[in-house]
Amino acid sequence: MSDKVWIFDTTLRDGEQSPGYSMNLPEKLQMAEMLDGMGVDIIEAGFPAASAGDFESVQKVAELAKNATVAGLCRAVQKDIDAVIEATKPAKKKRIHTFISTSPLHMKHKLQMEPEKVLEMIKDSVSYARKACDDVEWSAEDATRTEHDFLCKAVETAIKAGASTVNIPDTVGYTIPEEYFALIKMLKDRVPNIDKAVISTHCHNDLGLAVANSLAGVAAGARQIECTINGIGERAGNASMEEVVMAFRTRQDKLPYETGIETTKIMSASNLLSAITGFAVQPNKAVVGANAFAHESGIHQDGMLKHANTYEIMTPESVGRDKTDLVLGKHSGRNAFRSKLMQLQVHLDDDALNEAFARFKTLADRKKKITDDDLLAVARAEGDLPEEHIRFVSLAVRSGSTGPQEAELEIDLDGKKKKAKAAGKGPVDACFKAMKALVPHDDLTLHNYELRALTEGSDAKGEVNIALSAHGHTYHGAGVDTDVIVASCRAYIDALNKYLAVHNVQAA
Ligand code: KIV
Ligand code: ZN
């Protein structure tokens, strides 16, 4: 049987207080709903005494949470504690989280208090909070730089006053796993009433060790981890929830702990936070980064095609992502190349494949990112290729400032000439409407249109690049002509042909 570790999420408090990550009320509520739905045990919703806005958001999260305990943070003063009591009132389950610094550095310079005064404040604040709420967490800010004797005394005082969780923050991200393990173990061994409280970790990531330190804390006896989605938080952030949870799930042999997190919701939570804050995670971010399940090297791709366990320790589906992505690039091998072409409905015999693969390698040396369109172009010279259903024949447009703008487009559709006329908001729009009349494709939307001159002068050739998208896929098209409207039409036809080829759709 695995031991339960409580997940205390502080995305909306420690996460939100970092530069650039502030969220408005509707955004916080969206995030809170996600956290509640994915099985977070405790949501730290904010610091109610900090501002009226923070107070309101804690209150609204308290109204919304169906399963999670809602916590509010407060300093060790009655006014702050009262704000948490009031803001968390609507919650089914509530927690008061009060903290004070315990390190010599913080006591002397920040609090300007003697250690005895700090102990007195711990006793007074925790017992005051405990009168209003039977779930009180106490945190020793800067615990990892606190003298051990004093930390033991402070923790003992907090538990005696009624704290049911004692949090041992590595506030400045200074500790290392071995040392943090020893610190938690020391508290377990030396604090006489430690069995009456849950020990919690709260590790910052200044040295990139927040997750490792949190896991070390659990190994030494902590049973709550404070963490955030995408690891956001003060400075370098907090321990990342997705990494902690997936470490437990993936390494049950060494980490026999379980959490209540529904791991298939991890990717949605990460994406929601990125969308709200406007900060995407770095591509190589563990678990949720764009490359976390992407394989480019030929040896890895070959291994993955033979057996996914060769290079993957967890499945993308287990964290709510799409299937593994074999990204083709200069390091890719023939096997992955063939497999990707087959996904695109291109089947080449061995000789054709070899030639196409050679062309692909030349292209990959020049281009960082190889798209599906590039692959189709590389394959085009050889083999059983998707047909081009549509060919451009002619175009006549009526444009200018007096309107209406109209286009008459003629195409060759699977060997038959077809013509259509349409009006639009400008000649390009009129052309695209005529195209739609000839080959209906309502599921495709135009999401990019770029025009540039390839040469200089008023008789320059214009190149148009467009992107059509449907069902999460994008089809790029390019067209070149001295008439930019004709170039637009050619680009549109190019993209539409790619869509029809990949989807094996009958154009007629
Ligand atoms: O990092 C820290 O010490 C904190 C406490 C207030 C829990 O965020
Ligand atoms: Zn913190």
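**Exercise 1.** In this predicted model, find how far an oxygen atom of ligand 1 is from an N or O atom in the side chain of Asp14.

*Solution.* Start at the side chain of Asp14. One of its N or O atoms is 3.0 Å from an oxygen atom of ligand 1. A polar contact needs such a pair within 3.5 Å, so this pair counts. Now go to Arg13. A polar atom of its side chain lies 2.9 Å from a ligand 1 oxygen. End with His202, where the side-chain N or O atom is 3.1 Å from an oxygen atom of the ligand.

**Exercise 2.** How much of ligand 1 does the protein bury, and which elements give two or more residues to the shell around it?

*Solution.* First, the area. Ligand 1 exposes 260 Å² when taken alone, and the protein buries 94% of that. Next, the elements. Two or more shell residues come from each of helix H1 (11-15), strand S5 (94-101), strand S6 (136-141) and strand S7 (165-170). Then the residues. The shell includes His97, Phe99, Ser139, Glu141, Asn167 and His204. Last, sort the shell: two residues are nonpolar, six polar and three charged.

**Exercise 3.** Decide whether Ala470 is buried or exposed, and list its contacts beyond four places in sequence.

*Solution.* Locate Ala470 in strand S17, which covers residues 462-470. Its relative accessible area is 4%. Buried means under 20%, so Ala470 is buried. Now leave aside neighbours within four places in sequence: Ala470 is in contact with Asp443, Leu444, Tyr475 and Tyr499.

Technical notes
Residues are numbered from 1 along each chain as its sequence is written. Chains are lettered from A and ligands numbered from 1 in the order in which they are written. This is a predicted model: local features need pLDDT of at least 70, side-chain atom pairs count only at pLDDT 80 or more; totals for chains, interfaces and linings use all residues. Side-chain values use heavy atoms; hydrogens and water are left out. Helices (H or I, at least four residues) and strands (E, at least two) are DSSP runs, numbered from the N terminus. Buried means under 20% relative accessible area, exposed over 50%, partly exposed in between (1.4 Å probe, protein chains only). Contact means heavy atoms within 4.5 Å. A residue is near a molecule or strand if one of its heavy atoms lies within 4 Å of it. A polar contact is a pair of N or O atoms within 3.5 Å; within protein, one must be able to donate a hydrogen and the other to accept it, and residues adjacent in sequence count only if both atoms are side-chain atoms. Accessible areas come from the Shrake-Rupley method with a 1.4 Å probe; for residues, only the protein chains shown count as cover. Ala, Val, Leu, Ile, Met, Phe, Trp, Tyr, Cys and Pro count as nonpolar, Asp, Glu, Lys and Arg as charged, and the others, Gly among them, as polar.
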